[in-house]
Amino acid sequence: MSMYTVAQQAAIEELDAPLQLIACAGSGKTQVISQRISRILGRPDVAPGNIVAFTFTEKAAAELKERIHRIVREEHGDVTGLAEMYIGTMHGYALNLLQTYVPEAFKYGVLTDVTQRLLIDRESTKSGLTTCPTTAPSRPTLWRYVDSKLYMQVLSILQEDQVDFDLVPEGVSDSLQSYVELLTRRKYFDYTAMIANAVAFLESDPDDDDLTIPERELLRHIRTDIKYVVVDEYQDVNPLQEKLIAGLVRWGANLCVVGDDDQTIYQWRGSEVSNILTFANRHEAVRTIELSDNFRSSKGIVRLGRTIAEWLPDAERLPKAMEYASHQQWALGDILALEFQDPDAEANWIADRIHALRGMPFTDTPDASPRGLSWSDCAVLFRTVKDAEPLVDELRRRGVPYIIKGLARLFEAPEIQALVGMFRFMVGEITEADLVGFFDTADLLADKNLLRRGIRILTEGANFDRGGRWGTYNIQRLYLDVLEALDVNEATIPGAPARAELVMYQLGKFSQAISDFEAIYFASDPARKYEAFVRFLTDERQAPSYYEEADDDSGYATPDAVTITTVHRSKGMQWPAVFVPCLRKNRFPMRTMGGINPFHVIPVEAVPNGARYRGGLSEETRLFYVAVTRAQKYLALSWAPIAANQQARRQSDFFRDISGSDWVVTADPGLPDRERLEPSPKSETPAITISFSELKYLLECPYSFKLRFMYGFNPPIHEALGYGKGLHDALAEMHKRALAGDLPSKAEVVDLVDRHLHTPYAYPALREQLHAAAVKALDRYFDEHGEDLTRTEHSEKQIEVVVAPGVTIDGRIDLIKRLETDEIAIVDFKSTEDAQKTSMTRDQLSVYALGYEELTGHSADRIQVLNLDDKGDHLNEAVSPALLAAIQSKIEIVASDIRGNHFACGHDHSRDTAYNDLAWLATGAPAEA
DNA sequence: GACATTCCCTTTTTT
DNA sequence: AGGGAATGTC
């Protein structure tokens, strides 16, 4: 059992007062939160469903979940029902809440950054973009394409901050209103809308007579079920998110917030430090506990970090003093502040140092034996990763493995340029000879003569007068057809297997870019659609600035490679050795930017503390604090002038100030001459969550899983998309109402379909046809199973199966009902008319059975697949221990294959063309080992 | 020292 | 692109 400090123990035991944990870097807060939650679970009358824990990223959620599982398993010996506890992002929670209590919410699609931007530009007037006035001299209103990113920022400030709308120009409010109307009309949630809608419900008055039944039900749920709320990274909460939290605890649920005001680095997207600074004033009888012991870093690092934090004005931070509590020894020469002649010399030294650190003995925990440091123990943190070029060149030259995070330069790759060239050729922007040239450079083809076949397809595709519905001018379809004609797949790509794999990532990401574009532009006039697509691909502000360089870091395993990333992305992580180069003036601290900004649209006075969005010295100081405190032992801060750049010739003030510290040395004494061990990377396996749809591919053909979820290939959009989902959502509402005692009747079928069926890509005739088919299917369901509605036990039941340490499977069971035979059946619906959803397999259903058992502690009796079509086949099987054991071991194998990046597939893909759009690509699967 | 001209341009999560 | 910083000019 691990030992806790007095402060940690106090935090773990404080379950009743509003609790504020000030957790400095490396203070073991995840462990403390997990332990505290385990303790809450041990209380009488507390069920897992009473607890809600928020993190900022899915990754952090997966880690927290894993930690809690481990502790609960150790302490209570049983994790039954843990899936009922919400651990995840606020966005996920809000969406869940809406989907559970507002039936129509199911049909809403979620816009990502890219698709939101595409929508705003495509509907540039209706989105309010080009009607939005500005005070910038250069623009009376915002411009299409040029300012859409800025407009997105404006929209999020208007909706997520405490804006005084009396001070906002009318034209701006009108723009916001048209945008919101556009989203509703097109049935989309953007990231703001999810939370804003949930907040609107949470803030409603329970005594309001106008509330609908679901709204009442939602408030009742919050009031009676939510008893403990935990918010991690509280310093990064923005005003709207703070409202969500307030809404959850308004009836007295216990609130625990955990954060470090010194690590507020996302204020430019709305994080409001005052949330944490004034927490104690805003809640009654707050208990504040400072977790100031740093278990991560050596004394030198801790002291240096503290010095940096103390540069901040007192008024901007909570008083605290980080103390070193680690077993990590500091030695003179561990922390360096070095100046170099030029960036190449700097890069060269970093590469040397990384080499020299290899095999250096290092002890991860007090009781562990030393191991030799390896590549993955080193990280290079940049203020902007665009500065990494000299280092990347150097590492590549030396053959040092590295992964870069945060560099959007996928479109610079010659392979991608060749793909972009195909579409530029189609719209007549380049000639056939140009295209041939691009393909020559890209080296994608095993047989260059095949390019002619590809060009023929492109030429035919570019005939936009060939008739047919607009939907048939499908970009994704064309792309996959061309790859097939060119005979491009993993088996045929020239070069070593590692190169083929990387190229597959690029081809997959391009497929993702097509999906993003086509999600918004599917039904546009073909000629204009292809032109808009080319603009999307070639405009530096659009696709080229969104898609990151392809790499093989899937998130399922940690490769033994040097990490190159931004300080922002390094938050929450640690490495034995950290490098922070490029400490130049104007770069770190970053100079504030000129040009048009959100405050040319929204008056600064209208936004409380609006200045934070623009950033300043304090923000940069906090960022520097984060960078330094990532290091466990070795830290090298450095800079070099760039002669050619006027503004990059001087050192950063940060560098100058740090150089004077007693813990720092300004000349490299070299590493101590100690005996090196065999380098052995820390085998840290990230916690992963596999969704149910992903699992299907893993079980059937691991290589198709890799194609879809790792490389990123997407099948073409089908015009009937949304049919299966609409049916499913209508059924979900029926069952939920049945559970609430509000039995739906057959007379409501048309109404149900009207409300749930959303087929955004269907042409009018198809839409009618799908509508009729849905009505027929529901009618049939009423005829055949209407009686069963009263025997509904659960609808849309969230399940979660931990199949191996750190591997969780997530899913929702359509229906759990009690049969006439009094058995419990797990039911999944199926419709053969549904273009997207392929049949639910027996294996998948067995996983549901596992999940049901983990959730309730009881075994289900049957698994059923219920076909909604008249001539459909059904599946109806008994659940046996043998069935469960079989699936359990099957999943364990699959999970270990993911970890080992082993996605082979033996079956013959050349035969499944008829239903698998990616069949051709799958024929390139490496053979089973 | 005061003013004019030239140079340069970020960070990113959320189903 | 507009504004801050560096450099140029008197």
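Ground rules before that. This is a predicted model, where local features need pLDDT of at least 70 and side-chain atom pairs count only at pLDDT 80 or more, while totals for chains, interfaces and linings use all residues. Residues are numbered from 1 along each chain as its sequence is written, chains are lettered from A and ligands numbered from 1 in the order in which they are written, and side-chain values use heavy atoms, with hydrogens and water left out.

DNA strand B comes up to begin with. How many residues surround DNA strand B? The count is 28, and the closest are Glu58, Tyr191, Trp268, Thr566 and Gln647. A residue is near a strand or molecule if one of its heavy atoms lies within 4 Å of it. By class, the residues of this surface split into 10 nonpolar, 10 polar and eight charged. For those classes, Ala, Val, Leu, Ile, Met, Phe, Trp, Tyr, Cys and Pro are nonpolar, Asp, Glu, Lys and Arg are charged, and the others, Gly among them, are polar. Turn to the DNA side. Sugar or phosphate supplies 57% of the atoms of DNA strand B within 4 Å of the protein, and bases supply the rest.

Now the polar contacts, meaning pairs of N or O atoms within 3.5 Å; within protein, one must be able to donate a hydrogen and the other to accept it, and residues adjacent in sequence count only if both atoms are side-chain atoms. The side chain of Trp268 has an N or O atom 2.6 Å from a base oxygen of DNA strand B. For Arg383, a side-chain N or O atom is 3.1 Å from a sugar or linking oxygen of DNA strand B. Arg569 puts a polar side-chain atom 3.4 Å from a phosphate oxygen of DNA strand B. Two elements give two or more residues to the surface near DNA strand B: α4 (90-101) and α22 (567-570). Helices (H or I, at least four residues) and strands (E, at least two) are DSSP runs, numbered from the N terminus.

On to DNA strand C. Among the residues around DNA strand C are Ser138, Trp143, Lys585, Asn586, Arg591, Arg649 and Arg650. Of the atoms of DNA strand C within 4 Å of the protein, 73% are sugar and phosphate. Arg591 has a polar side-chain atom 2.9 Å from a base nitrogen of DNA strand C. For Arg649, a polar side-chain atom lies 3.1 Å from a phosphate oxygen of DNA strand C. For Arg650, the distance to a phosphate oxygen is 3.2 Å.

Next, the strands. Is strand β17 (residues 575-580) buried or exposed? Six of its six residues are buried, so β17 is largely enclosed by the rest of the structure. Buried means under 20% relative accessible area, exposed over 50%, and partly exposed in between (1.4 Å probe, protein chains only). Two strands pair if DSSP finds at least two bridges between them. Strand β14 (residues 378-382) pairs parallel with β17 over three bridges. There, Val380 has Phe579 as its bridge partner. β17 also runs parallel to strand β18 (residues 631-639), with five bridges. Val580 partners Leu637 in β18.

The loop between β17 and α23 comes next. Asn586 sits in this loop, and has a positive phi of about 75° although it is not a glycine. Asn586 is partly exposed, at 24% relative accessible area. Pro589 is in the loop between β17 and α23 too, and the peptide bond from Phe588 to Pro589 is cis, with omega near 5°. Why flag these? Most residues other than glycine have a negative phi, and most peptide bonds are trans.

Two last residues. Lys529 lies in helix α21 (residues 526-538). Its relative accessibility is 0%, so Lys529 counts as buried. A polar atom of the Lys529 side chain lies 3.3 Å from the backbone oxygen of Tyr473. Thr790 is in the loop between α29 (764-785) and β20 (792-804). At 56% relative accessibility, Thr790 counts as exposed. The Thr790 side chain has a polar atom 3.3 Å from the backbone oxygen of Glu787.

That's my tour.
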